[in-house]
Amino acid sequence: MDGISFSIKIGEIYGLLGPNGAGKTSTLEMLEGLNDIDGGSASIDGLDVSTRTHEVKKIIGVQLQANEYFDRMSLSELLVLFGKLYAQSPNPIELLKRVNLEDKASAKPAELSGGQKQRFSIACALVNDPKVLFLDEPTTGLDPQAKRNLWQLVRDLNDSGMTIVLTTHNMEEAEYLCDRIAIMDQGKIIAEDTPQNLILEHASEPPKAKLHGNIEDVFLALTGHELRD
Amino acid sequence: MITPLQFHLATVFLKIFLRDRQSIVFTLLFPLIFTGVFLFSDGEPDPIKLGLVNQSQSTLAANFSDLVAQEPLFNVTEGGLVELKQELINGDQTALIVIPTNFEDAKEPSKITLLLDAAQVRQADAIAKTLNNSLISIERDIREIEPMFSLEVEDIQARPQRYIDFLLPGILAYMLMNLCIAGSGFNVVEYRRRGILKRLFVTPIQAKDFIVAIILSRMVIILTQISVILGLALMLLNIKIAGSLLSLYGMVILGTFIFLCIGFFLGSLAKTQEAIRPIVALTTFPQLILSGVFFPITSLHELLQPIAQALPLSVVVSGLRGISNDGASLLALNSTALGLVVWMAISFFVAVKYFVWKEVAN
């Protein structure tokens, strides 16, 4: 990381956008207390991440890129376990309902599809009812149906008052979901604003006739919005 | 001392283990095989296959061959020189003695030939000595003299002690070490590689919670295994345990704690799945040699002895042996108890202090 500085407002969806290797995940992991911050500081809800990591961990929810869990444990057992890690006893079925997986309560993570796995990861991140939710490339590798479904989930969580920080290298996702975006490259933030302002400022020439939708909308219109898990 | 979180996590690890049918089968199979091996070998060497060619017609030769045949160390086959020699070459006989035609009560000493392949026979000395003894007793019979001396071997602790009684505590401790290091070290590397540890440590969990939980769950599994082995050893191998079972289990629990903690440390030391194996081998193998599992530490070179005595496996071996062979109480094992406390402190400290949960470079 190279002298980056940004602040995220309560209740917004903030996107870190950038190509692979830009430093999105490293930035996220510094905020989550997973990576050491060797210069400068970061604070969440008034808590310094470096010195009060333990307290910070209690108020954040994290979905990592690698989402593997203990073998031979069912989804609801894993959610109970994650609850215990925060000294809480959440209702696993309620959590699974929030991510539309209630019928998978006794399934094992290995039996889930990519989209279901991501949604389960988010359910795990919700066990402590976090103030801030971190999502690291939540839709990478998902088919369009699963992707749109996840976007809706993120929107719903944000509507319930949760602050969400996510990384993506999908422009459309950033534009669709984020209230504000920071574009990162080679460890630096090269632009930060709302998607609209960034487009006004940086998009060289607006298209003459506005296109509604793109090829993905065509794909979805033809194949339907139904989830293919 | 144990928090609800640690307890819950321990039940989770136990559940994970109990749902792994294959590992359960092998966990129970292992003690069975282990006991079975001892059941069928029970420490007594197999009799040596000895071919005997009697070319003499004398009663003396007949007496001698009878005496040799009675020797429990030998399994004697009588026959002709040519056929038995061929059997010896084929490896069907271990050694061959030839009583010559002139073997009789003559004035000059008679010669008996012992044929063997010295490269194949580790017991060449023992065979020769036993034959010599048989010859001496025949000679005494002929000359009608009584032996002047007899050697009686008496155990100063006045209890019947077989090699297996000495061996079992050592093997038990060695097995304990292997089970523990596999249970913690290999698990940690695997969980870390898959990013499971990283996910766990995004929550407010602390290294000691994780370590204590694995120790608790493994303790249950290992105590079950040890109980099966002990049960079988007591019933089938007629092993005598001089001390109390309570002391023995106490010792096993302390040993398990030490070796699991060492396993965690090795698991943190190893960056990859490939590295953990040589690291574990490098830690356990020298201890197998040096820690008095098969023979007492006092038979090592003098310079090595203090080092050997300080090894964690030595401490556990001597503790178990003290309880099982000498009837010591866990609390009365002075230097061993000190070694245990020191190793418990060291191993727990390094396990927690150097615990690595972060994902390592791919």
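This is a predicted model: local features need pLDDT of at least 70, side-chain atom pairs count only at pLDDT 80 or more; totals for chains, interfaces and linings use all residues.
Residues are numbered from 1 along each chain as its sequence is written, chains are lettered from A and ligands numbered from 1 in the order in which they are written, and side-chain values use heavy atoms, with hydrogens and water left out.

**Entry 1: the interface**

I then looked up which elements of chain B give two or more residues to the side that touches chain A, and they are α1 (4-18) and α7 (196-200); helices (H or I, at least four residues) and strands (E, at least two) are DSSP runs, numbered from the N terminus. The largest share, seven residues, comes from α1(B).

With contact defined as heavy atoms within 4.5 Å, I found 23 residues of chain B in contact with 26 residues of chain A. The area buried between the two chains is about 2,600 Å², of which carbon and sulfur atoms give 63%; this is the accessible area (1.4 Å probe) that two parts lose on being put together, summed over both.

**Entry 2: salt bridges**

How many salt bridges are there between chain B and chain A? I noted six, each a side-chain nitrogen of Lys or Arg within 4 Å of a carboxyl oxygen of Asp or Glu. Asp71(A) and Arg194(B) meet in a salt bridge at 2.9 Å, N to O.

**Entry 3: aromatic pairs**

I counted 16 aromatic pairs over all chains (rings of Phe, Tyr and Trp, its six-membered ring, with centres within 6.5 Å; planes under 30 degrees apart are stacked, over 60 edge-to-face, the rest tilted). Tyr69(A) and Phe82(A) are edge-to-face, 5.9 Å centre to centre with 85° between the planes. Tyr69(A) lies in the loop between β4 (60-63) and α3 (75-85) of chain A and Phe82(A) in helix α3, so the pair ties together parts 13 residues apart in sequence. Phe82(A) is buried, with a relative accessible area of 2% (buried is under 20%, exposed over 50%, partly exposed in between; 1.4 Å probe, protein chains only).
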